[in-house]
Amino acid sequence: MRLTFKTALVAATALGLAAFAGVKVAEAAGGGDAKYKKQVEWGFNGFTGKYDRHAMQRGYQVYQEVCSSCHQLKFMSFRHLGDKGGPFYDKKYPNPIDNPVVKYIAKNYPVPIQDIDWDTGEDLPRDGKPVDKFPSPYPNSVAAAAANFGKAPPDLSVMAKARPDGANHIYSFLLGYDKDDNMYNKFLGTKVAMPDQLFDGKVDYEVIKVQNKDGSVKEIQPPEATREQMAKDVTEFLMWTADPKMEARKSLGLSVMIYLLILAGLLFFAYREVWRNVKH
Amino acid sequence: MSGHLSTYEPKYGVTKWLDKRLPIIRMGADFMTYPSPRNLNYWWTFGGILTLCLMVQIITGVILAMHYTANVDVAFADVQRIRRDVPFGWLIQPMHAVGAAMFFFAVYVHMFRGLYYGSYKAPREMIWILGCIIYLIMMATAFLGYTLPWGQMSFWGATVISNFFTAVPFVGDSLQQWILGGYSVDNPTLNRFFALHFLLPFVIAAVVGLHVWAMHHAGQNNPVGIEPKSKEDTLAFHPYYTVKDAFAVVVFLLIFAFFIFYYPDALGHADNYIEADPLATPAHIVPEWYFLPFYAILRAVPDKLMGLLLMVGAIAVLFILPWLDTSKVRSMRFRPVTRIWFILFLINSFILGWCGAATPSDIAIPMGEDKGLNFLWLSRISTLYYFAYFLLILPIMGMIEKPKELPESITKSVLGGASSGGAAS
């Protein structure tokens, strides 16, 4: 009878987990047409997953040159790009507002920052600084909708988390357009307000310069800017914008898990020791 | 705390002085020497685990409240700011969100343990009822808290659930507007939900105090469900159960940490990363997993008021459970037939959860092409069993079932005495 109960308990738990997994699978598929869903082996998945910094840098370039004309990153500031774990982090500049790359990006961002003249109170557009938020390409949401078939382009800061299996969703979406109809997305199975954006060579990837320890500069040639490559890179970047602390979280997680495992072992032996003369 | 003779003797002048005026050290000392049945298994460690859960939620919650603004224009952005810019906000925020789910996981284990071992029976009715009150406040707190990040599921979940208040006869519409502070979920709603979400955990803490007090007064139940008769049957709470609880707590923390660090979003819904938009209804509005069984019961009937009554009834029935179960035998170990009904009840709870997550018109169990039992009917059958278990099975089984022979004492059952039924571990 005891065995039956334990078996039933295990069976019930398994059923519960299966139901949960079933819901999650259904949810994941619910985001698009499974037939056009692409699965990528992302480096950021898994327990020790990390973002590919060069891919994020290229991804930022795609965002800035292609996406940013319509989509904002409203929860992001320029300085975040230079945070630890970010695409342009440099250990020489622990405070990202000093990072020259971040400064350059902020200053040359195509959309000016809307500030006011502190003497007269009049509007005064100015160049960006690292502490500024990424500006919106539109003055307001009505203008954003009016310029885009009545649907304001969504913010991209947390997009990779706002869809089930977000990274694969974005990647599949960007590559899911019908060849004959650049407004029809096969992955979503519907017409979308955003036409197909990526075509081979749309972005001219910059050569990434890495400084060696001896001071010499190594040039890393970027991959060819194919549709797939650009979609992959911008997805990597957007996954980072949605979860910028993932690397810190996973690395602390490993220490915490090891600590708890050892503590659990010690406590188990303490328990055995305390109870050694008590039959229970 | 009463229940056993106090053995605490103050040694120093200060402690003697304090003991005459506020015997708080005595209370703690008595707590530690409290005689607990020697056969408590790991299912009994969830009381300690739940205490930890409440503390984690309150501490992380107070820190989050320092950085959060309850305003519809900035609430969603504030959560993002906490995760991006507040030092260790990326850790505290998922701790609180995952913590809610872990809290419910632990409370369900705790409740099923009480159901299985008959912990609600005399003289422990008040422990059980106070526990039901805690569970009820927990549900309210979780629901209110889920609104605060102001994502799509926050907004639409609050809209759907508050809409059920309109089903109350005569005063429904006024009641709903009074609760929301307007005609729909909006800024006044968010503000009051935040205030109440901050208040209720402290109410829970107070009721937990009563719950523990009642438990120390009536004594703990145990896996064989017979009262301790001799000194041999019990052990001091410390060190025996402090060390056992500590081990269980750390194993629980391992699971907790696994979710926080590796799958912080696995228990949530992707739609809640979309800012609340009153003009765009999500395709599927589903509550968090811990409400799914009750959501299934709510949707099982076509009538809104009946659905509401059924859901309220599903929780209300727990309050009167001590008087519904007519059997004098506490532990299901000695109730061979009722035990099978209990296992079915456990499986049924998972099925209800499954129904709550699904679309009612979808097919759950296919029977032939395009035919089969849909989730609506599955949830109806499951709802029926849920109520039948409490209202029919437990009252009737207590009268007709012949329980196995109970062991003479806890110690006898542990040492493998004469009793046949005590398959104790």
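Which residues in H8(B) meet which residues in H9(B)? In this predicted model, Trp178(B), Ile179(B) and Leu180(B) of H8(B) meet Pro188(B), Thr189(B) and Arg192(B) of H9(B). By class, this contact of H8(B) with H9(B) has 4 nonpolar residues, 1 polar and 1 charged.

Two packed helices are described by the angle between their axes and the distance between the axes. Helix H8 of chain B spans residues 172–180, and helix H9 of chain B spans residues 187–218. Their axes lie 8 Å apart. The angle at which they pack is about 70°. H8(B) is therefore roughly perpendicular to H9(B), since angles of 65 to 115 degrees fall in that class.

The interface of chain A and chain B was examined next. Chain A brings 51 residues to the contact, and chain B brings 56 residues. About 5,000 Å² is buried between chain A and chain B. Carbon and sulfur atoms give 73% of that area.

Between chain A and chain B, 3 salt bridges are counted. A salt bridge joins the side chains of Lys74(A) and Glu275(B), at 3.3 Å from N to O. The rule also finds 11 residue pairs in polar contact across the interface of chain A and chain B, with both residues at pLDDT 80 or more.

On the side of chain A that touches chain B, helices H1 (2–30), H6 (227–242) and H7 (246–274) of chain A each supply at least two residues. H7(A) gives the most to this side, with 17 residues. By class, the residues on the side of chain A that touches chain B are 33 nonpolar, 7 polar and 11 charged.

Definitions and conventions
Residues numbered from 1 in each chain as written. Chains lettered and ligands numbered in written order. Heavy atoms only, no water. Axes fitted to C-alpha atoms, helices over the stretch in contact; angles between N-to-C directions. Helix = DSSP H or I, 4+ residues; strand = E, 2+ residues; numbered from the N terminus. Parallel < 35°, antiparallel > 145°, perpendicular 65-115°, else oblique. Contact = heavy atoms within 4.5 Å. Nonpolar A, V, L, I, M, F, W, Y, C, P; charged D, E, K, R; others polar. Buried area = accessible area lost by both parts, 1.4 Å probe. Salt bridge = Lys/Arg side-chain N within 4 Å of Asp/Glu carboxyl O. Polar contact = N/O pair within 3.5 Å; in protein donor to acceptor, adjacent residues only side chain to side chain.
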